[in-house]
Amino acid sequence: MALLDGKRALVTGASAGLGAGVARELVARGARVLMSSRSTERIQAAAVKIAEEIKTSGPAPGTNVWQAPITLAADVTLPAAAATLAEAARKALGGLDILVCSAGGPPPGDFSELDDAQWEAAFRLIMLAPIRLIRTCLPLLRESGAGRIVLMSSVSGIRPVKRLLLSNALRPGLTGLARHLAGELAADRILINTIAPGYFDTERAREVQEAIARQAGREPIEIAEETWARIPLRRPGSPEELGRLVGFLASEENTFITGQTLVIDGGMTVAAE
Ligand SMILES: NC(=O)c1ccc[n+]([C@@H]2O[C@H](COP(=O)([O-])OP(=O)(O)OC[C@H]3O[C@@H](n4cnc5c(N)ncnc54)[C@H](OP(=O)(O)O)[C@@H]3O)[C@@H](O)[C@H]2O)c1
């Protein structure tokens, strides 16, 4: 297993779902993690939960020392958030080796339902938030000498998902950003990759299924079962499974993967229709 002993990591959108799964895995592998989300209460509760779980189950095999994560509330769609988080990483962790950008997803909707304000809000959430975080954290990642950036995207960036126009249109931008930056940042020995999750069992995924069910006048469980039927492994992924992928990409065992979008979807996007 790729260990992260003493690595310093910032994970945004970490109070729930995929971000929380990533934060847990990084802590278990020995990283010192600054977890962030908008709500102070939620992020503190998530950090306590992670520390309690690892106290009980033990860290990842081979990890001798691990530390409870620290937290700071910040809304990544606000212009000042990135600087606040980078400064907190510098002060509390002494620098930064790993940046993981996650947050919520945009609301579902088709073209006729979406106005300019919704498009702009989705751009701020999906594109501008990671752009600002990367820009502001770059000096720290350069100092690291082995910086790693992981951007949370979606399979909607690979192939459109029904009703998720904002995501379908904007996530490919993250792929382009990571591809471009892989070239620009290689000289600084910073590797950057994007994760494209399929369906994972998180609050966000349940909300999307409920919205689809409401619109179709059906039960969310029916929509869920139809979704799992389209996945060769016949189930949603777990945040732990995604955390393990990020744990590897963020480690120094990843020496040659950069600029890629890694799909983690139980085979959904390659399944024959
Ligand atoms: N779950 C899936 O199946 C799936 C599939 C493909 C892609 N994705 C994408 O992966 C990302 C994470 O999804 P998820 O399922 O883990 O979502 P989730 O369960 O809703 O969790 C979202 C996390 O982000 C935080 N957050 C939301 N808005 C934020 C903001 N403006 N600033 C800072 N933190 C913010 C939330 O905490 P607070 O409320 O405390 O801020 C929470 O910790 C999303 O972009 C989603 O679209 C998810």
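This report walks through the sheet, the helices around it and the ligand shell.

## Ground rules

What you have here is a predicted model: local features need pLDDT of at least 70, side-chain atom pairs count only at pLDDT 80 or more, and totals for chains, interfaces and linings use all residues. Residues are numbered from 1 along each chain as its sequence is written.

## The sheet

Start with the open sheet: seven strands, paired in parallel, in the order β3-β2-β1-β4-β5-β6-β7. At its edges sit β3 (70-73) and β7 (261-264), each with a pairing on one side only. On average, neighbouring strands are turned by 20° against each other, direction ignored. Helices (H or I, at least four residues) and strands (E, at least two) are DSSP runs, numbered from the N terminus, and two strands pair if DSSP finds at least two bridges between them.

Take β2 (residues 32-37): β2 and β3 pair in the parallel sense over four bridges. Ser37 stands opposite Ala73 in β3.

## Helices across the sheet

Helix α4 (residues 116-144) lies across β1 (8-12), β4 (98-101) and β5 (148-152), and runs at about 175° to β4. Axes are lines fitted to C-alpha atoms, for helices over the stretch in contact, and angles run from 0 to 180 degrees between N-to-C directions. Contact is called when the C-beta atoms of two residues, placed from the backbone, lie within 7 Å.

## Helix against helix

Helices α1 (residues 17-28) and α8 (residues 239-249) pack at about 55°, axes 8 Å apart, so the two are oblique to each other. Here angles under 35 degrees count as roughly parallel, over 145 as roughly antiparallel, 65 to 115 as roughly perpendicular and the rest as oblique. The contact includes Leu18 and Val22 of α1 and Leu242 and Val246 of α8.

Helix α3 (residues 81-93) packs on α4 at about 25°, with axes 9 Å apart, so this pair is roughly parallel. Among the residues in contact are Leu85 and Ala89 of α3, plus Leu133 and Leu140 of α4.

## Around the ligand

Of the 30 residues around the ligand, Gly13, Gly17, Arg38, Gly105 and Arg204 come nearest; a residue counts as near if its C-beta atom, placed from the backbone, lies within 6 Å of the molecule. The elements giving two or more residues to this shell are α1, α2 (40-57) and α6 (203-216).
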